[in-house]
Amino acid sequence: MTAQLIDGIALSAQLRIQVAQRAAALRGRGVVPGLAVVLVGDDPASQVYVRNKVKACQDNGLHSILERHPAALTEAELLSRVEALNQDPSIHGILVQLPLPAHIDAHKVIEAISSAKDVDGFHVASAGALMVGRPGFWPCTPYGCMKMLDSIGYDLKGKHAVVIGRSNIVGKPMAMMLLQKNATVTICHSATADLKAMTLQADVVVAAVGKRNMLTADMVKPGAVVIDVGMNRTDDGKLCGDIDFNAVREVASFITPVPGGVGPMTITMLLVNTLEAAEQM
Ligand code: NDP
């Protein structure tokens, strides 16, 4: 069996049409949905991510500002910038690009963002809302993965989903979202004793680790749906995910590629969250 691709670029394009329509409706009511992206330092990967996010806003009828600060910005200065954005009525969503320089406490900065503007979904209020099944902003990457499962009409009820990775921004919220859709969820991490034994039972595998080829074809149950969140580089510098794509593709029923899978969906869900923030204000 050769798996069908879940194309994150095509799905994003569809969802972004809806985003642009909702943004136009808001503008018609005199509200221009606005996202502030804050970048501290000059990490090259972060610079690419923030540029892509700002461009996606501009292309889809949202207003966005990019604040660049030197790596030497103090924590107090950053907190005061966040507070100014909290108070700014033209800004509905605030995203502070991670990672932050080591002298800044990222948790403190995230907690300083108004939960009403927490479009990244990293605030404890957002995490708590997801945990207890209340409305709130869902972190964009796992939210995008859920949209990809929706797009193939996959019913998670009663299925076994295995999430590899337990970060606060991907693995844990991913597990909560799958659970909310009635999957039986196993979360694996670096101390999991026998990862292969877990993944072989999985109807759905989400790999969110950050290591090339960490999910190989012999670890995947025939017919499973495989979602690759990982972003890594091959020896010749090309972007790749966590799964051994060509081999796993011959075992799975559906698979997401890297590039062109979860990455574009993450940005799309940021636009969706920003619109929701603007609609709620
Ligand atoms: P983290 O480094 O925060 O988390 C990685 C997780 O993988 C940890 O929970 C870690 O376990 C686990 N892990 C590490 N080694 C193993 C192993 N051998 N077996 C099982 N589990 C293991 O990363 P993130 O969650 O932030 O990101 C994961 C990947 O997704 C990265 O490649 C990142 O670049 C990518 N990413 C992609 C996005 C996109 O838009 N496409 C957005 C966000 C992230 P432990 O907790 O025990 O250390």
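Me: I'm looking at this predicted model, and I'd like to start with one residue. Which residues is Leu 178 in contact with, leaving aside its neighbours within four places in sequence?

Reply: Contact here means heavy atoms within 4.5 Å. By that reading, Leu 178 touches Met 146, Leu 149, Leu 156, Ala 161, Val 163, Ala 183, Val 185 and Val 206, once the neighbours within four places in sequence are set aside.

Me: Okay, and which residues have the most contacts inside the largest nonpolar core?

Reply: A nonpolar core is a set of buried residues such as Leu, Val and Ala, joined through side-chain atoms within 4.5 Å. The largest one here has 52 residues, and Leu 149, Leu 156 and Leu 178 have the most contacts inside it. Helix H10 (residues 262-280) gives the most to this core, with 10 residues.

Me: Where does this core lie relative to the domains?

Reply: It lies between domain 1 (30-116) and domain 2 (139-263), because both give residues to it. The C-alpha centres of the two domains are 28 Å apart. There's also a second, separate core of 19 residues, with Leu 195, Ala 207, Ile 243 and Val 248 among them.

Definitions and conventions
Residues are numbered from 1 along each chain as its sequence is written. This is a predicted model: local features need pLDDT of at least 70, side-chain atom pairs count only at pLDDT 80 or more; totals for chains, interfaces and linings use all residues. Side-chain values use heavy atoms; hydrogens and water are left out. Domain bounds come from an automatic or database domain assignment. Buried means under 20% relative accessible area, exposed over 50%, partly exposed in between (1.4 Å probe, protein chains only). Helices (H or I, at least four residues) and strands (E, at least two) are DSSP runs, numbered from the N terminus.
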